[in-house]
Amino acid sequence: MNILGIETSCDETAAAVVCDANVASERVRSNIVFSQISEHIEYGGVVPEIAARAHLHYIRPTIERALTEAGITLAEIDAIAVTSGPGLIGGVLVGVMAAKAMAMAHKKPFLGINHLEGHALTVRLTHDTPFPYLLLLVSGGHCQFVAVEGLSRYTVFGRTLDDAAGEAFDKVAKMMDAGYPGGPAVERLALTGRAEQYALTRPLIGRKGCDFSFSGLKTSVRTLLQKGIVITDQDKADLAASFQKVVGDHIVDRTKNALTCVDERYQHLVVAGGVAANNYLRGRLNELAMEKGRTFVAPPMELCTDNAAMIAWAGLERFKAGLVSDLNISPRPRWPLEALAG
Ligand code: KG4
Ligand code: ZN
């Protein structure tokens, strides 16, 4: 079985072909990601109108390349899966319309996929991770714990009270003039920094529960920068490392609490979403999982940030479960994971 996946919910135009091979490493037949970084770099963030136009421009060649690299024709595709929310609505519309048109013209089953479900199921594509598992979903727009019981059976039980983790990385990078996109830029800077150099606000210290907060930490970075004491390249690296360390401490503290909220069937701790590409944070979560006797699972870096292989895979799981979508579904700018139940 071969599924074509399409992803256009943010600033990546992506298409992929995924199959149901028994061996996980043989499943991704192609995974094309056209990143629009150069189109948004001068604004220091994603501009929705520019993103939508760029998706329109790149979607057709991206899909064609995904099919060519997989060595397959559209006729041999079993179903078409596309992100139908949540995300920047202009981009989501472009992907959904393209997928619907192809599904209609070629009489293929059509699957509207929740982008977050794509992130949530990626470890099943890459590691065959069995249900249930505890998922920490950390991306540019989301920061939450999810008890993943099964396909479409998600319970979200921790959220961010303000910014998402990726948003905090992006804003701090912008303040420091570190580059765009912010997450990888801060991680790179932090490599040569001393994490104990700056005392930054530590979010929700000693507070029970699994919620996150990053705004106080972000403000403390801004305050330090405004004082004018972060001058040299070494200072910048130190600040990036100090920030990243506090983010790591906060995520570990919250995850410790989250592990006490799920029962003993939850043996796997999974991280997904763009921020899961951060090596330092992966290391911290891996240490925590070992300490708590759980197995840590993270997708390979290229499948943490937005991609269409994860959408194709979610489509494959849903298709096998008989959950095909109607061609008249509407793209959704907001679409919580929990709404998938039932
Ligand atoms: O999942 P994703 O590609 O898009 C959303 O669905 O939001 O996540 C993008 C976010 C951005 O905020 C980006 O800065 C962050 O993930 N990110 C990282 C790293 N790579 C990407 N954050 C920290 N460290 C990284 N290496
Ligand atoms: Zn994402």
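Colleague: To start with, from which domains does the shell around ligand 1 draw at least three residues each?

Modeller: Keep in mind that this is a predicted model. The shell takes at least three residues from domain 1 (2-122 + 303-341), and at least three from domain 2 (130-301) as well. Notice that domain 1 is written as two stretches of the chain.

Now for the ligand itself. The space that ligand 1 takes up is the largest pocket. Go through the elements and you'll find that helix 4 (115-127), helix 5 (165-176) and helix 6 (182-190) are the ones giving two or more residues to the shell. In total, 18 residues surround ligand 1, and the closest are Gly 140, Asp 170, Glu 187, Gly 274 and Asp 306.

Asp 170 has a polar side-chain atom 2.6 Å from an oxygen atom of ligand 1. As for how wrapped up the ligand is, it has 550 Å² of accessible area on its own, and the protein covers 88% of that.

While you have helix 4 on screen, follow the chain into the loop between helix 4 and strand 6 (133-138), where Pro 132 has its place. Most peptide bonds are trans. The bond joining Phe 131 and Pro 132, however, is cis, with omega at about -5°. There is also a cis peptide bond between Gly 85 and Pro 86, where omega is about -15°. To find Pro 86, look in the loop between strand 4 (79-85) and helix 3 (89-105).

Technical notes
Residues numbered from 1 in each chain as written. Chains lettered and ligands numbered in written order. Predicted model: local features only at pLDDT ≥ 70, side-chain atom pairs only at ≥ 80, totals over all residues. Heavy atoms only, no water. Near = heavy atom within 4 Å. Polar contact = N/O pair within 3.5 Å; in protein donor to acceptor, adjacent residues only side chain to side chain. Areas by Shrake-Rupley, 256 points an atom, 1.4 Å probe, with all protein chains shown as cover. 1 Å grid on protein atoms, 1.4 Å probe; cavity = no way out; pocket = protein on both sides within 12 Å on 5 of 7 lines; lining within 4 Å. Sits in = over half its atoms within 2 Å of the grid points. Helix = DSSP H or I, 4+ residues; strand = E, 2+ residues; numbered from the N terminus. Domains from an automatic or database assignment.
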